[in-house]
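The sequence and structure come first.

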Amino acid sequence: MPKKYDTPLLDELEKGAFPSFVTEIKKAAKKTEMANDELGVLEKCYRERKTHWKHGGIVGVRGYGGGVIGRYSDVPEEFPNVAHFHTVRINSVSGLFYKASDLRTVCDIWDKYGSGLTNFHGSTGDMVLLGTTTDKLEPIFAEFSSRGWDLGGSGSALRTPSCCVGAARCEWANIDTMGITYAITQEFQDEMHRPAFPYKFKFKTAGCACDCIASIARADCSIIGTWKGSIAVDQKEVKAYESKGMNIQAEIVDMCPTSCISYDGKALKIDDANCSRCMHCISKMGKALKGTGEKGATILIGSKAPFVVGATLSWVIVPFIKMEPPYTDFFDLIRKMWEWWDEHGKNRERIGELIIRRGMREFLEYIGLDPLPQMVKEPRRDPFWFWTDEDLTK
Amino acid sequence: MALPQRRTDIGPPHFKDFIPPVIQKNYGDWAHHEILSGGVMVHVANSGDKIWTVRCASPRLLSTDTIREIADLAEKFCGGYLRFTTRNNVEFLVSDEKQVQPLLDALKAKKYFVGGMGDSVHGYHITNIVHTQGWIHCHSACTDASGLVKVIMDDLADYFNVKTTPGKVRLAVACCTNMCGAVHCSDIAIVAIHRKVPRIEHDSVKNLCEVPSTIACCPTGAISPDPAKKSIKINNDKCMYCGNCYSVCPALPISDPENDGVAIVAGGKVGSLRCDPKFSKLVVPYIPNNPPRWPEVTSAVRKILEAYISGARKHERVGEWIERIGWEKFFELTGFPFTFQHIDDFTIARETFRTSAAFKW
């Protein structure tokens with residue numbers, strides 16, 4: 001019989017309308033000693049208001065340098081079943097789609113070799129299996145990989161690429177986000193499983209500027225779908241929105257950031273040449289407005305969380321690229337970027353930080369892109385710029 | 001029993017085997033969608049085919065028992081097809097309209113928390129909170145993310161499927177400044193912080209840490225070598241408690257129950273709608289950790305949300321509303337004290353100072 005822990009603090013978190021993670025741990029604790037000790041150590045964390053987990057050591061599966069995060073308790077005598085409590089990252093399916101039968105297989109494997117606790121999903125988008133021991137890693141990998149699943153990324157490597165639902169179930173998708181994510185993941189398996197970068201690298205792909213995957217805030221390479229062409233207007237549907245209570249002037253015309261929409265009560269007009277394709281009007285009256293013409297993506301580089309010198313948002317480096325299979329131009333561009341980053345990046349320096357440190361010019365020249373006004377919000381304000389010998393002869 | 005033969009570098013399974021037939025057939029050919037209630041929407045393809053999505057919240061941390069239950073529900077009502085959203089919601093993908101209500105009834109009977117959808121026509125709702133590992137199993141956590149998510153969502157439960165907000169509101173919780181989640185660009189977000197410099201375990205530094213990389217990892221250059229002790233020194237005046245050095249060198253513990261706690265930031269967004277994406281900005285610099293239900297945090301979040309609801313125009317996000325009325329007005333309306341901690345003194349400080357004599361009293 002597993003030891004029964006008193007959890008008066010955690011029990012408070014079983015009350016209320018929102019589903020309780022404590023209930024989840026208790027369910028698993030009935031089946032595994034590991035989940036039971038997790039419950040015990042978590043109550044201790046709540047009581048003492050501090051974490052009881054230590055740094056990971058190097059653990060993993062043969063031939064891979066990532067995909068498993070080593071985790072150890074700092075109170076192993078008190079909670080011996082979570083002395084080792086490693087995390088396994090399984091590369092999820094693009095768009096986070098599942099079939100019931102596959103989910104059950106995942107559960108069967110995880111009940112056999114792990115704590116029975118999971119995260120659906122980790123922040124990067126992996127299916128996260130929480131809590132196992134070093135000796136179970138090879139069996140877990142054999143069980144998953146023989147059924148067509150592979151590990152995700154960790155450490156200074158390509159992390160598991162992720163995307164919004166895109167063309168699978170969204171009329172606003174300008175690109176096949178799931179197809180692109182699958183292609184990137186397959187193309188760069190080595191970069192994912194054998195860490196060789198200065199630091200982590202993340203791809204996130206969004207079908208439009210709504211950016212439901214938050215690519216612009218948390219991907220070293222953000223791929224955001226867009227179009228070159230007009231917004232088609234269905235005037236009958238515009239009227240339908242109005243008759244359902246939408247104030248077209250206040251909600252659409254006045255909120256357009258480029259003032260390119262007008263409405264005279266009869267017809268809605270869009271000055272397409274001045275539209276920045278922000279998605280406000282389209283997302284508010286989806287039945288009436290649609291982007292038309294050539295579809296593709298804007299590539300932006302450099303976003304990351306605050307570590308170390310402050311958070312960054314990704315910035316434009318390729319205003320428009322077609323993004324169609326086999327994505328050769330895109331992969332070539334990425335390899336060029338990585339080559340430059342590999343050459344100059346310091347330990348734990350993200351590619352965006354390196355660009356800021358060494359300058360956009362060096363980066364753009366290396367990867368072979370010309371400067372464009374779409375890359376900046378405004379030109380520089382200071383009078384201190386460089387001239388190369390070549391510039392002087394132009 | 002012998003293990004099956006392992007395979008390497010195969011990548012994830014292809015999604016085509018995981019999407020329902022109606023998605024296979026209409027892939028890339030959808031016409032429009034409509035939110036039918038706080039937790040149900042229908043997508044209509046150009047072919048006229050439809051798919052209904054029923055969304056409910058998950059705590060992200062799931063037991064295999066619950067996953068099996070979700071799989072059984074999907075099997076019974078939607079051919080086994082489901083997906084998760086990036087905000088930890090479960091979406092049941094129903095191809096047969098007749099199954100929508102029975103599924104909703106089954107979810108209700110099992111007390112699933114259905115909701116989290118909204119748009120301009122139906123009205124906006126909050127959705128599930130993006131969050132990090134916390135005390136569940138992270139070494140650098142200075143609060144518990146799952147606990148905070150639970151108490152905030154309990155408090156704001158009505159906004160998940162009944163009460164509406166003027167625009168989209170995206171919430172996030174990060175258990176340290178590493179921010180494994182988009183806290184830095186969320187409408188309202190919690191980030192846990194330290195307030196004291198790391199302690200140096202001199203005897204362990206030489207065994208556990210690489211001194212040059214420990215020195216190099218400090219964003220403010222506060223760490224220098226201490227050759228006599230074969231260890232390092234920290235300039236306390238320069239340290240801003242980010243904890244990056246602890247991730248590089250385990251002999252520099254920074255966790256401190258008496259001084260750790262959480263900060264609240266607001267006004268960020270990631271979409272380009274109406275205005276460019278925005279970072280979240282500091283609203284409350286410190287609230288002590290008060291588990292299990294962090295009442296001071298839930299009341300501060302509610303205060304921001306309610307001020308936004310009463311002041312914002314339709315479609316405006318929290319950050320757009322605050323920028324329209326001005327941050328000085330925001331602090332007046334919410335009553336949060338403005339302190340030295342609110343004035344930036346790090347890398348982008350000069351961009352944040354007010355360079356105009358036009359402001360509100």
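## Strand pairing around β6 of chain A

Strand β6(A) pairs with strand β7 (residues 127–130) of chain A in the antiparallel sense, over four bridges. Strands and helices here are DSSP runs, of at least two residues (E) and at least four residues (H or I) respectively, numbered from the N terminus; two strands pair if DSSP finds at least two bridges between them. A:Phe120 stands opposite A:Met127 in β7(A). Six residues lie between the strands of this hairpin, and in it A:Gly125 takes a positive phi near 115 degrees. Three bridges also join β6(A) to strand β4 (residues 61–63) of chain B, and these two strands run antiparallel. The bridge partner of A:Leu117 in β4(B) is B:Ser63.

In a regular strand the side chains alternate between the two faces of the sheet. From β6 (residues 117–120) of chain A, A:Leu117 and A:Asn119 point one way, A:Thr118 and A:Phe120 point the other way, and all are buried. Buried denotes under 20% relative accessible area, exposed over 50%, and partly exposed the range in between (1.4 Å probe, protein chains only).

## Basis of the model

The model is predicted: local features need pLDDT of at least 70 and side-chain atom pairs count only at pLDDT 80 or more, while totals for chains, interfaces and linings use all residues. Residues are numbered from 1 along each chain as its sequence is written, chains are lettered from A and ligands numbered from 1 in the order in which they are written, and side-chain values use heavy atoms, with hydrogens and water left out.

## The disulfide of chain B

The structure holds one disulfide over all chains, a disulfide being a pair of cysteine sulfur atoms within 2.5 Å. B:Cys209 and B:Cys249 form this link, with an S to S distance of 2.1 Å. The torsion about their S-S bond is about 70 degrees, so the disulfide is right-handed. The two cysteines are 40 residues apart and link distant parts of the chain: B:Cys209 is in the loop between α6 (202–208) and α7 (211–216), and B:Cys249 in the loop between α8 (244–248) and β12 (261–266). B:Cys209 is buried at a relative accessible area of 10%, and B:Cys249 is buried at 1%.

B:Cys239 is buried, with a relative accessible area of 13%, and B:Cys242 is buried at 17%.

## Cavities

There are four cavities of 30 Å³ or more. On a 1 Å grid over the protein atoms alone, a cavity is a set of points where a 1.4 Å probe fits but cannot get out, and lining residues have an atom within 4 Å of a point; points are joined across faces, edges and corners, and a volume is the space filled by probe spheres set on them. The largest cavity has a volume of about 120 Å³. Its lining has 16 residues, of which A:Cys256, A:Ile261, A:Cys275, A:Cys278 and A:Cys281 are the closest to its centre. Helix α11 (residues 280–284) of chain A gives the largest share of this lining, three residues.

The second largest cavity holds about 100 Å³ of space. Of its 14 lining residues, B:Cys218, B:Ile223, B:Cys239, B:Cys242 and B:Cys245 are the closest to its centre.

Conventions
On a 1 Å grid over the protein atoms alone, a cavity is a set of points where a 1.4 Å probe fits but cannot get out, and a pocket is an open set with protein on both sides within 12 Å along at least five of seven lines; lining residues have an atom within 4 Å of a point.
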